Structures are given as C-alpha cells and as structure tokens.
Amino acid sequence: MTPRPARTGSLAHRTFDVWTSAKSGFDYSLHFPEWWERDVEAMVAKDYNHPSVTMYSIGNEFPEAGSATGAAWGRKLTEKVRSLGTTRYVANAVNGFLAVMSELAALRGQQSQDSEAGGGINSRMADVGDMISYVSASDLVTQRTASPSPSRTWPA
C-alpha cells in the first residue's frame, strides 16, 4: 500500500534522528560512523523518481546541534545527498534547546532576572512556556544554529 503522504501530497524522507552522540544506550550512534553513507545512498535511491518526495532530512533533533562536530557532519551528509541528486531540498530539524543544552542554566537565570518574580503553581506552569519562548528567541540559539551563508540551504 502506498503511504498516505505519497497519495495526498508531499513526503520528506528522514535519514537519522541520531548521529554520533547517543540518545539511548543502544541506538544508531553505535553504527552511524560505519553505515551513514550507505544509508543515505539507500534513502535517495529508494524513491529517486517519486514525485511526492520533496526533500530529504539529514537529521532530527540530534545532540550535536550547535557544535563544530554537528556542523561538520551536517556538511558531510548534505554534500552526500546532493551528490546523489540536486532536485530536492536538504533539511535538518535543529532543536534550539539541544544546541544550547550546556548553557540552559545560565539562560534560565538570565530569564528569571528579566521577568517579575511570581508565585504559585499557575505561575510556575506559565513559566515553562515563557522559558521555551525565551530560549528559542535567544541570541545564543541563533548563533549556534544559523547558517553562515543562507544560500547554502538551497539545492544546487
């Protein structure tokens, strides 16, 4: 049976949700360095001429986001996908929280200083949403995740 997205619109193929940093004890990070290239080739070849495939995703909320290692792997994966076909976009789902995980405590402290002190459970629950918005819009997330050259994100 044809998957629903292929029957009704567009489909994005995702290769990995983990690269070299593990999210759990026995995940793909153990095999990524050896298998990533073959897996990218298989993903692109599988539906090379399928009209509903509009983009390829090279990652989804992976721990290397915002690091030099993540940038190097992102470039390597993107170049591999583009070497196999240049007609589709290459995407990467970056989680701003993962990109600044080591600095979250400092951002939380900074956000607390910027806002009024409140009390009670309702205020605490509202604080979670405020913190998500604050971190997502922070200069630190932008610095860690922004492409140095916006034109690099478009197909060749």
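Good morning. Please note that the model is predicted, so local features need pLDDT of at least 70 and side-chain atom pairs count only at pLDDT 80 or more, while totals for chains, interfaces and linings use all residues. Residues are numbered from 1 along each chain as its sequence is written, and side-chain values use heavy atoms, with hydrogens and water left out.

Let me begin with the chain as a whole. Of its 156 residues, 29% count as buried; buried means under 20% relative accessible area, exposed over 50%, and partly exposed in between, with a 1.4 Å probe and protein chains only. Among contacts (heavy atoms within 4.5 Å) between residues at least 6 apart in sequence, 76% join residues at least 24 apart.

I turn now to helix H3. This helix covers residues 68-84, 17 residues in total, and spans 25 Å from its first C-alpha to its last, close to the 24 Å expected; the expected span is 1.5 Å times one less than the number of residues. Which residues of H3 are buried? They are Gly-70, Trp-73, Gly-74, Leu-77, Thr-78, Lys-80, Val-81 and Arg-82. Their cover includes helix H2 (32-46), strand S2 (53-60) and strand S3 (89-93).

The next topic is the packing of H2 and H3. Two packed helices are described by the angle between their axes and the distance between the axes. Here the axes come within 9 Å and cross at roughly 30 degrees. The axes are lines fitted to C-alpha atoms, for helices over the stretch in contact, and angles run from 0 to 180 degrees between N-to-C directions. The crossing is right-handed, that is, the near helix is turned clockwise from the far one by less than a right angle. On the H2 side, the residues involved are Phe-32, Trp-36, Glu-37, Val-40, Glu-41, Met-43 and Val-44, and they meet Trp-73, Lys-76, Leu-77, Lys-80, Val-81 and Leu-84 in H3.

Let me continue with the aromatic rings. How many aromatic pairs does a search of the whole structure find? It finds 7; rings of Phe, Tyr and Trp (its six-membered ring) pair if their centres lie within 6.5 Å, with planes under 30 degrees apart counted as stacked, over 60 as edge-to-face and the rest as tilted. Trp-19 and Phe-62 are stacked, at 3.8 Å centre to centre and 20 degrees between the planes. This pair links distant parts of the chain, 43 residues apart: Trp-19 lies in the loop between strand S1 (11-14) and H2, and Phe-62 in the loop between S2 and H3. Trp-19 counts as buried because its relative accessibility is 0%, and Phe-62 counts as buried at 2%. The pair of Tyr-28 and Phe-32 is edge-to-face, because the ring centres are 6.0 Å apart and the planes stand at 80 degrees. Tyr-28 is partly exposed at 23% relative accessibility, whereas Phe-32 is buried at 0%. One aromatic cluster is formed by Phe-16, Trp-19, Tyr-28, Phe-32, Trp-36, Phe-62 and Trp-73.

Finally, Lys-76 lies over the face of Trp-73, at 4.7 Å from the ring centre. The criterion is NZ of Lys or CZ of Arg within 6 Å of the ring centre and within 35 degrees of the ring normal. Likewise, Arg-38 lies over the face of Trp-35, at 4.0 Å from the ring centre. Thank you.

Note on methods. Helix = DSSP H or I, 4+ residues; strand = E, 2+ residues; numbered from the N terminus.
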